[in-house]
Amino acid sequence: MTIYYQFKKYMACIMIITSGLVLSSCDMETKVYDELTTDNFPQNEEQLLRTIAPAYSAMRGYADAVWASQTVTTDEGIVVTRGSDWNNGGYYRRLGTHTYNPSPSGSPENVWNFCVNGIAQVNQILYQLSNISLEFEGKDKKIAELKTVRAFFYWVMLDNYRHIYIKTDFLDTSAPQQVSPQEAFDFIESEIKDNIDLLEDEPSANNYGLMTQSAAHVLLAKLYLNGEVYTGKSYWQECINECETIINKNDYALSENFMDNFKEDNTSSVETILAIPFDRVYATGFSHHVYTLHYNSGETYGLSYAPWNGYSTLRDHYDLFADGDQRKQIFLVGQQYAADGTALTTRDGKPLVFTLDYTSTDPWNELGTGGVAENEGVRVLKYVPGTGTGRHMGNDFVVFRYADILLMKAECLVRLNRNNEALPFINQVRERALAGSSYNSISLEELYKERRREFTWEGMAKQDMIRFGKYEGTWTYHPTGSDESKRIFPIPSTVISLNPSLTQNAGY
Amino acid sequence: MTYNLTKKTKNNFKRLIVVCYLLLFIFPLRAMSQFEMLNEQVTVHQRNGTAAQLIRELDRQSAYSFTYSEEQLSKEKLATIDYQSTKLGVVLESLSKKYGFDFLVKGKIISVALKSPSQDSRSGDSQKQEKAGLNGEVTDAQGQPLAGASVRIKELGISTGTDAEGHYNFSLTPGTYTVSVSYVAYANQDKQVKLTAGTTAKLNFRLVEELSALNEVVVMGYSIQKRKDVSGSVTTVRSEDFNRGTYTDVNQLIQGKVPGLVISKPGGDPNQATTVRLRGVNSLTGTNTPLYVIDGVVGADINTVPPNEIESFDILKDAATASIYGARAANGVIIITTKKGSKDRTNVSYSVTGSTEAMSNYIKLASAADIKAYEESVGNTDYTGYGGDTDWFKAITRKAWSQDHTLSLYGGGDKTTYRGSITYLDKQGIILNSGLERWIGRVNLQQKALDDRLNLGLNLTANQDLNDYVGQHNSYSEILKNVVNSDPSQPIYNADGSYNRFYGIDNSNVVSLLNDLTSKNRANNLRGTLSANLKVYRDLTLSAVGTYESKNANYGYYAPSYSVYGLQNVGEAIAYRSYTQNRNKQLDLFGNYNHDFHGQHHMDVTAGYSYNYYENEGFEASGQGFVSDSFLYDNLALSENADKKTIASNRSSYALSRLFSRVNYNYASKYYLTLGFTRDGSTRFGENNRYGNFPSVSAAWRISREAFFQSSWVDDLKLKGSYGISGTLPSDDHNLEYLSTYSSNSNYAYINGKFLPVYSPARNANPDLKWETQKALNIGLEFSLFKSRLSGSVEVYNNKIENLLYTYTVPVPPNVYSSTYANVGSMRNRGIDLQLSGDIVRNKNFQYHLDVVASLTKNKVLAITNDEYTISTGYIETAQVYGDGNLGYTQRIVPGHAIGSWYTYAFAGLNEDGKYLFYNKEGEKVTTDQVSDEDKKFIGRPATPPYQLGLNHSFRYKNWGLSLFFNGQFGNSILNATLQNVSYLSRLPSRPVPKDFINAGITQTDPYISSLWLESGSFLRLQNAALSYKFNTERFHNFIKQLQISAMADNLFLITGYKGIDPEVKQEVDALGVDNRDYYPKSRSFMLNLQLTF
């Protein structure tokens, strides 16, 4: 009896002690192993740089979403239906005929997403930078840089949607409200101006791909150049001033060989002011070659990935180029050959000959009712992939380059009727492309064509066509008389339904 | 009646108890008459007095106190009494013999009663022609009164019921009677009684429980209850009622046995788990599978339990019973209890099953000859094909052989019982090179100690699964698409005997793929449970259970350079390997307290604490390009394509802690009330919502126990109702949704002259995240009639699920990303569960038993948005169908409609040109190019079958047994996406179409998605049949205890109108009822089983 009671006492003690021990190990803290929490990250500058990096990785979409929307809405590019490929529910027809609408897949929503994603990422990074106790040299510079990067996203948003909202405070969770195009313009202008002096001055290997003072000047110049389209008020002289600042700095020049700007190892180009660095493995997402090349063209370039045979251009654009123009090298026309010289064929065994024209009267037709043959259409390969490239190219995408500065300055001078002053700048660009082709006099129309030749498939065709009043013009397969409201895209309906205070752009 | 208790005994009561104990200890071994100790001397003289007078006198003279009924004893006239200085013991003994007094000495108290009249020895002259009384008490084996028992006087055919204290009372004419007492779940008892006029006989009955369904033990989670005492909704399936076969998933054992629990096995893949849904679909993104508790281990892997070693399944269906498991119980709880040792000599039991199976059905596609004929008929005279004539279904399938052995050893003594077993299952799949090999070893030890107050238990389970998968890495289903899409004119082999390795999109030589690719997994699982429970005091038991479980999976995939995937991949071989480990630590501390207050109030309290810690980690690597294919995935370092080497690892954990309590109360086994309260916490939620409360209440009324309810044919009738709250946790993919973290998705940006990995917020953190809440109401009626020949239950339920978790689109900015995981919507499941069980024939030699299980479930989505989160379109699109042409989503989740409601074009037949017609929204018939999204509408019946039926016939004739189990599901529409996909006329001749499609007059080249492809999913299947013979083992002189041989068959026949392979298709929430091209064909199997116990 007593033994039993004693044992019970011991048992109770043992149970209480073991229970206590075991219970103390029953903790309810969330343990995070393969992610980093705000408690332990970032703690030093190296870590901080990696949290700033999303602002730049977000910019990569410019070479894809923004580039495509600028290209296939114009006479510079077309995506035709080929067999069962590329109909995409009539998406490319809507872009090609300017019949985009706010519904899902009705318009290039990826342009909207590119802008708001970049803005949201930068807002988050800025909030985090302002809250972190970590101090390091150049923190102000990084903040200025991020704000200018954000201004870049806002500029793309203004360019494509016009009636945009401005949101800069990460903690402000209220529904964003639209501002007028002028207010948006003023915000972007002041944001750049307020921060430009803090940015890196000299181009260097260290700030390649980052938002430098020169890049910010180009951004301002772009804003001013299109200021009249955006606000109805012209800013030609302001644009000239920004261009001159860059020209006078003498940091940049035209590269000798036009195509060198776009080759796989184009990081060292003296002409590039702002590039988006891409890599086959690390920074992926640049696939113009996959979009445009024929399924079998991989053999020409030694690709390790079969291209998709989608994008091509129109004769309208091809015919702008004179024979001998260095810039004409970007087009692939006629019989295609493998690297070893054998003639390539289509998948059904016919010679792979890229034609100037399409035989179809409706190149965007629906699936199963005809379509465009595999080989039709001129292909554009400005960025030539290196041997062994897969789906992603290692070439850096050039956003701003020196030739643009020269042509922007020339354009503004012409618009201010200072045509003669403009001549040396436009001729500088022309001579590089085709020696001895200098203009003696220049008109706005000539200048427009020169821009189109110089910047084919660089993601600015739509913007340029609008500024020169050509976007509502006629070209192959593009119906005439489309209205000016289509110069800007509709705000996606899904965005408006989440924030009903937003007003849809007129015409949608 | 009143009892007199004198004052002095009252005062000395405590002392007396001590004396009693001392007496007990001093004379513990000597058996002696109770009167021998009464040595006091008394002197009594009495003439013609009453018994009461005599006892009063004795009480006055002795130190003992007498208790007696004044009323009774004062009526008892006595003859002359004369004792001179006689020992009290002698006086009492002689009084007892002479007059039939019944004395009971207890300490210093002597109680006095009259013996039953049957033993009365008094002379006949005291008999009068008046009524005789008969009363008594009916109790159970423990002495607890049984209220509502039926007491019958057989000779007179009259009966009465016992009252709340278990008493009954008759007034009868004198005579000899047979008194028969019956009470449901107890064995009937008959007693003879002789009644004498003017006297009252007392006849008590102590009933012994009968083994019946009502007394079956139901495992409730941390406590057990008897079936008759359960007020919630629990269904138990015992091993003798299991389906019999070589099963890879133990859920198949109870398929169709539980109303409301729909278990389906889409296809015959031995590596594919069953889909288990209890009372419908409860969650959009969380789990819809019930919570498994194996021998107390919450969330244990069901593949670790050998079917032969399972004692029972207990399915907790309503929230009131399941909510003791809190935040994970909304899909119900399935408790699996394994067999344990027994107090018996050592038994060796061996069971072996051999089986063979073959494809039961397939889709008849056009043969090479059919295609050639068609091509010629359309003028394509150039068509030659590739010279083969291959039926790809037949080419990839085989007659599969399987074996299943279980050897178990069990036994034990008073203190120790043990059971150990080894199971080996080798299950071939009917598709070439697919299969599962499984080893399970387990040991269960039970040890009693401390006068049997302490119970120690040890459970060890180890198992290994070797999975041989069909096909391609990361997408086992990819390969099966080739079966219906490959050109039948392609031969399997070239003329030289090598594989004809043709390939295109879903059009490849599947036979070479199956042989070329290696896709294998080795899973090891180890689980150990140590438990202790101590009976601290009479009614109180404290328990502690600790478990550690570790599961490792080692997966490898290899596609050689010459395989289709290698050829597509610039001719390089692909090798991949992954290793994952899941660990689970569980601790349960709980107590059970059972007590009866004043006989009729029964209380049963369970309370405790449970903690689970789950940790998952994984490692994977891949390489490409090897100098030899003989490495397989065993030396990744030798991959020669430097750019294609990948490496990754991950680790995550979460914890759950739970306080639970449940109080069962019943009054006289008649009125039941159960209150439950669970507080559960999970690290998947932030501080705001980390802990949640899950209360429940249930009540039952056993009408049949009421005194007013007297029926000779109703054994038991119980009305019950419950209401409770349970929850669903976010799935493993959403482990950290509440938390702000940084992660890098192998994304880089060029900063300061080099590519740096990008660290960005991993998600839009939602600190308000919480579990989905299910509020469940259950009302049921249980009955047992005609001495348990017919029993059953009907239950109706109404479950409302709130705070449904879903990924919502949110504005950017202010949010960093466009989607947030949040609790928003709500839906409802209503239904009826019906169970009937009857012994239709119950003879000594022949028995026929029928079980019917039926259920009805109706789902309705109530809301998918709230003030904070909206869905711009107002609906969620699901059930995406992939393939060429206009496909897309085919279902919509919209408030007011059931989940799985089809939303597509309404097919309107063919026009004169053989093109498809659809009804547009104006009701006109239009062609493909005239319809638009606005013409789609809700059509057909929702994808989940609302009606479930299970019929189990079991016959027994002498030693023969036969069971036939029919399983059916009815009332749903399923999308035959396979048929849709192969009905592309434009793909002829390179891909086949269904044979009867060629000349059906259809000219439309692409099979537009529409209601044409919706078919009824109703079916009735003879799921399982088993014929067994049990040998008479007496002749083996007990050397063999049991010997039985059985022949079984699975899927013997199927009645359905469905045109696909089988209507039992996948029921995953994102594609409910979509029969896709990746269907692993169903099989029909025949098995032979031998069971032997020594």
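B:Leu365 touches B:Val483, B:Val484, B:Val982, B:Pro992, B:Val993, B:Pro994 and B:Lys995, leaving out residues up to four places away in sequence; a contact here means heavy atoms within 4.5 Å. This leucine sits in the loop between β23 (347-359) and α7 (368-377) of chain B. Helices (H or I, at least four residues) and strands (E, at least two) are DSSP runs, numbered from the N terminus. With a relative accessible area of 17%, B:Leu365 is buried. Buried stands for under 20% relative accessible area, exposed for over 50%, and partly exposed for what lies in between, with a 1.4 Å probe and protein chains only. B:Gly267 is 98 residues away from B:Leu365 along the chain, and their C-alpha atoms are separated by 19 Å.

Before going on, a word about the model: it is predicted, so local features need pLDDT of at least 70 and side-chain atom pairs count only at pLDDT 80 or more, while totals for chains, interfaces and linings use all residues. Residues are numbered from 1 along each chain as its sequence is written, chains are lettered from A and ligands numbered from 1 in the order in which they are written, and side-chain values use heavy atoms, with hydrogens and water left out.

Let us stay in chain B and look at its sheets. Strands of a sheet pair through backbone hydrogen bonds, either parallel or antiparallel. For the assignments here, two strands pair if DSSP finds at least two bridges between them. One open sheet has 4 strands in the order β8-β7-β10-β11 of chain B, paired antiparallel. Its edges are β8 (158-161) and β11 (189-195) of chain B, and each has a single partner strand, so one side of each is left without a neighbour in the sheet. From one strand to the next, the twist averages 25°; axes are lines fitted to C-alpha atoms, for helices over the stretch in contact, and angles run from 0 to 180 degrees between N-to-C directions. Within this sheet, β7 (residues 150-153) of chain B runs antiparallel to β8(B), joined by 4 bridges, and B:Ile153 faces B:Ile158 in β8(B).

Strands β24 (residues 400-412) and β25 (residues 416-428) of chain B run antiparallel and are joined by 11 bridges, with B:Leu407 having B:Ile422 in β25(B) as its bridge partner. A hairpin of 3 residues links β24(B) to β25(B). On to β26 (residues 435-449) of chain B, which pairs with β25(B) over 13 bridges, also antiparallel; there B:Thr416 stands opposite B:Gln447 in β26(B). The hairpin of β25(B) and β26(B) has 6 residues between the strands, and in it B:Asn433 takes a positive phi near 60°.

Some backbone torsions elsewhere in chain B also deserve a look. B:Tyr222, in the loop between β14 (217-219) and β15 (224-226) of chain B, has a positive phi near 70° in a residue other than glycine, and counts as buried at 12% relative accessibility. B:Ser669 is not a glycine either, and has a positive phi of about 50°; this serine is in the loop between β34 (646-667) and β35 (671-682) of chain B and counts as buried at 18% relative accessibility. The peptide bond from B:Pro813 to B:Pro814 is cis, with omega near 10°, and B:Pro814 lies in the loop between β43 (790-809) and β44 (819-842) of chain B.

Finally, turn to chain A, which has 18 helices and 9 strands. Of its 508 residues, 58% count as buried, and its C-alpha atoms fill a box of roughly 115 × 60 × 45 Å along the principal axes. One of the buried residues is A:Ser297, with a relative accessible area of 1%. A:Ser297 lies in the loop between α11 (288-292) and α12 (298-301) of chain A and, leaving aside neighbours within four places in sequence, is in contact with A:Leu344, A:Leu352 and A:Phe354.
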